[in-house]
Protein chains: 2
Amino acid sequence: MPLTIGQVALAVDVNVQTVRYYERRGLLAAPQRTVSGYRQYPEDTIGRLRFIRHAKGLGFALREIQELLELRVSRRTACDAVERKTREKIELVEQKIYDLRRINRTLGHLAAACAARRPTDDCPILGALEEHDESDN
Amino acid sequence: MPLTIGQVALAVDVNVQTVRYYERRGLLAAPQRTVSGYRQYPEDTIGRLRFIRHAKGLGFALREIQELLELRVSRRTACDAVERKTREKIELVEQKIYDLRRINRTLGHLAAACAARRPTDDCPILGALEEHDESDN
DNA sequence: CTTGACCTTATAGCTGGGTACAGGGTCTAT
DNA sequence: ATAGACCCTGTACCCAGCTATAAGGTCAAG
């Protein structure tokens, strides 16, 4: 049984307007309509919306999220192109992971220093993310 | 020898206005001024700006970046509070890393399927990031 | 057969994070 | 001593990503 826009919005805890906005932006396919014009969503729309929200929190723009969602191997899609794009995204994500790990290593040192009550002034986090500066995003 | 705003902006490749904007926002301390009112930046400002840029790309809001930068153990700062906050940030960052890894694992499967010319329709990335939905961000 | 909670489109407005412009002062080189 | 490249403040504008409002249609409950 299909869901109304209000139901999916509630399930994912986003605004109804936001769902329609994503449709306009192309992140969500235009769903079936009832005779009276109401949108009817399949249940997996909820997963899609959740994915979008998570990806946003990871620093992806809506445009990028759209690209991620469009990646797939379908019957007649150029396989090579998809593979290339996919590998590009993997690189990008790997870089993000790398940066986050550096941040976390530094935060770990800081927490340790705290626990040991060793006052280490000078913002400690600044060390994280030095180097590899060119080619930023 | 201190740097002018134009010099730091050039070094980090951001707009001069952006540097001033960060000062207004409190991400950058108001620097010394020359008698004529010119800002004089110490060299480590460059590192700080680079950190800000990277952190932005990882989905941190300026507000959060500010908090990260303010974390430090200083002489009389409540050590416990800093440690607690730091551990909170670590959790948050770890969650981001976890999510990114899920995305990348999925992208890896996709690339493999591409290479093997195995058409797997149905957007494969939707599987990544399922579960653990409550308490988002 | 009406009330109230839904849905529709269209358009306007808000927040975050900048970016540009106006109007003016400064500094260095020639 | 003046041109040109910088700096200053203040204000206005821009884009992404929503979010709210207006004006109206739908539908289930009573």
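A polar contact, as the term is used in these legends, is a pair of N or O atoms within 3.5 Å; within protein, one atom must be able to donate a hydrogen and the other to accept it, and residues adjacent in sequence count only if both atoms are side-chain atoms. The model is predicted, so that local features need pLDDT of at least 70 and side-chain atom pairs count only at pLDDT 80 or more, while totals for chains, interfaces and linings use all residues. Residues are numbered from 1 along each chain as its sequence is written, chains are lettered from A and ligands numbered from 1 in the order in which they are written, and side-chain values use heavy atoms, with hydrogens and water left out.

View 1. The side chain of Arg33(B) places an N or O atom 3.1 Å from a phosphate oxygen of DNA strand D.

**View 2. The protein surface near DNA strand D.** Sugar and phosphate make up 75% of the atoms of DNA strand D that come within 4 Å of the protein. Helix 2 (16-25) of chain A and helix 1 (5-12) of chain B each supply at least two residues of this surface, helices being DSSP runs of H or I with at least four residues and strands runs of E with at least two, numbered from the N terminus. Helix 2 of chain A gives the largest share, five residues.

**View 3. Contacts to DNA strand C.** Here a backbone N or O atom of Gly6(A) lies 2.6 Å from a phosphate oxygen, whereas polar side-chain atoms approach phosphate oxygens at 2.8 Å from Arg39(A) and at 2.7 Å from Tyr22(B). The largest share of the surface near DNA strand C, five residues, comes from helix 2 of chain B.

**View 4. The buried face of helix 1 in chain A.** Ile5(A), Val8(A), Ala9(A) and Val12(A) are buried in this helix, residues 5-12, buried meaning under 20% relative accessible area (1.4 Å probe, protein chains only). Seen down the axis of helix 1 of chain A, the buried residues fall within an arc of 100°, taken over the directions from the helix axis to the C-beta atoms, so they line one face of the helix.

How values were computed. A residue is near a molecule or strand if one of its heavy atoms lies within 4 Å of it. Buried means under 20% relative accessible area, exposed over 50%, partly exposed in between (1.4 Å probe, protein chains only).
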